[in-house]
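Biologist: I would like to learn how to read a model like this one, feature by feature. Could you walk me through it?

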Amino acid sequence: MGKRELEDRTEEKKLKKERKEKKHGKSKDKKEKKEKKDKKEKKDKKEKKDKKEKKEKKEKAEIKSESSVIGPKPSESQIKDFIETNQVHIEDGHDLSPILSFNQIDLHSTLSKLKEFEKPTPIQSVSWPYLINGNDVIGVAETGSGKTLAFGVPGLNALSKNPTKDLKILCVSPTRELAMQIYDNLIKYSSNIKITCVYGGVSKQDQIDKLPGSNIIIATPGRLLDLINDGYIDLSNVNYLVLDEADRMLDQGFEKDIEAIITQIPTSRQTLMFTATWPVEVQKLASKFLKKPVKITLGNVSNELNANKRIKQIVEVINPFDKEKKLLQLLRNYVGQHDKILIFALYKKEASRIESLLQRNRFSISAIHGDLNQSQRSKALNDFKAGHSQILLATDVAARGLDIPDVTLVINLTFPLTIEDYVHRIGRTGRAGKTGLAHTLFTEHEKHLSGALGNILRGADQEVPEELLKFGGHTKKKAHSAYGAFFKDVDMTKTAKKIKFD
């Protein structure tokens, strides 16, 4: 190889090396730039997240400061007497004094109407200090105890003092009737707050048109999830979440819907759960989504089902074929003594038949059951509330949560499928500290529930009829939230055995 050729090859190697180094340098620069960009994006994302969390913390703190407890503080003897009288039990909470007077809370002028009441109800007195303090709260109290304003007032007060265009409060309830009832209660105190109620069974578009600018949404789980998935509701600014009648929502199989909804809400929120009973399913839900909650129980602290002791319970054991005749007799006796009577049937066909029977016998009656559309059901409920009809006939769609003022008598024409539903049916009377009467017709078809009914009667210091005791004291427990007493825990991993016939 000549000298010239050797020099050329050396030069070529040198150039290749330079190109390689240049290329490597470029890729290195590119890599460095990418790393720098990623780092910046990560930093921006973190700053944005920190900013959002700071804003949410500030907004959450506003409930504490703007709804502040101002005094005068009740005396030690007043507090002791209040706790003993109302059987108040508080778990995992600081020692905060109950609010026994509306003068103890700094209410916005829109909420001053509350002072028309003599004083807060026990569940309001105990829960308000913890809600104002920003705690997650579980409230377990009997039906008709004032739970709606217990969770409503602290949130409304904060929003009234700090107006915003964002959605801040979400309340989820199991039925459209209960959602509308909560809406009706809160709208009275919200002249500067936009509240929207969304539920199934009516036009979705009408509700969509009302959503922009809503500060509070009250909703049933199914319709709420539909509107979230369709992009009409954004929960990213919600800082006050209420699950009302949580036990009922789980009974109706809404657990997955509730979980899907809650995952859309910032974790820095304040979460409230109000319920009349405290079954295992509700305890599991609370442990999943509440942070160090304060549990407030009024009355019996056990997890056993209990009826309101202010309700006198009369149970008559009769022949199944005599029910309609007996109902007419009862109504002729009771109509002159009671202004508002609520009758419960079990199935919509039965309700429809009894509605016709009572109309033929010239009773003033409205009805709510599954064969009626939403506007018909709303009209029936409003007519009953306003006193245009003296009797409301309903299936279990009305058994939970509904606050119908001044119902003094509940008649169970057909016993419900579970003892839990019985307790909630009769709980439509004896509300807000008043007394009530429940008259139940019991037949041999429901004898599997005789033991459970006997326990409820004894627990409420009521007489257990001899005819009921004849069925025995066995109790068929509600084994599953969705399938009730008919649930069987089957091992699905086991394979079927092959049987050969000769």
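Modeller: The chain's secondary structure comes to 16 helices and 14 strands. Helices (H or I, at least four residues) and strands (E, at least two) are DSSP runs, numbered from the N terminus. This is a predicted model, in which local features need pLDDT of at least 70 and side-chain atom pairs count only at pLDDT 80 or more, while totals for chains, interfaces and linings use all residues. Residues are numbered from 1 along each chain as its sequence is written, and side-chain values use heavy atoms, with hydrogens and water left out.

Biologist: What percentage of the residues in the chain is buried?

Modeller: Buried means under 20% relative accessible area, exposed over 50%, and partly exposed in between (1.4 Å probe, protein chains only). Here, buried residues make up 48% of the 502 residues. As for contacts, meaning heavy atoms within 4.5 Å, 74% of those with a separation of 6 or more join residues 24 or more positions apart.

Biologist: How should I read a pair of packed helices, such as α4 and α5?

Modeller: Two packed helices are described by the angle between their axes and the distance between the axes. Axes are lines fitted to C-alpha atoms, for helices over the stretch in contact, and angles run from 0 to 180 degrees between N-to-C directions. In this model, α4 (residues 147-161) and α5 (residues 176-187) pack at about 50°, with their axes 10 Å apart. That makes α4 oblique to α5; angles under 35 degrees count as roughly parallel, over 145 as roughly antiparallel, 65 to 115 as roughly perpendicular and the rest as oblique.

Biologist: Which residues make the contact?

Modeller: From α4 come Thr 148, Leu 149, Phe 151, Gly 152 and Leu 156, and from α5 Ile 182, Asn 185 and Leu 186. They divide into five nonpolar, three polar and no charged. In this scheme, Ala, Val, Leu, Ile, Met, Phe, Trp, Tyr, Cys and Pro count as nonpolar, Asp, Glu, Lys and Arg as charged, and the others, Gly among them, as polar.

Biologist: How many residues does the largest nonpolar core have?

Modeller: A nonpolar core is a set of buried Ala, Val, Leu, Ile, Met, Phe, Trp, Tyr and Cys residues joined through side-chain atoms within 4.5 Å. The largest has 43 residues, and Leu 114, Trp 128, Leu 156, Ile 216, Ile 218 and Ile 296 have the most contacts inside it. Leaving out residues up to four places away in sequence, Leu 114 touches Phe 102, Leu 107, Leu 149, Val 153 and Tyr 189. A second, separate core of 34 residues includes Leu 225, Met 249, Leu 285 and Phe 289.

Biologist: Where does Arg 362 lie?

Modeller: Arg 362 is in the loop between α12 and β11 (365-368), and is exposed at 78% relative accessible area. Its phi is near 60°, a positive value in a residue other than glycine. Asp 461 also has phi near 60°; that residue sits in the loop between α15 (450-459) and α16 (466-469) and counts as exposed at 60% relative accessibility.
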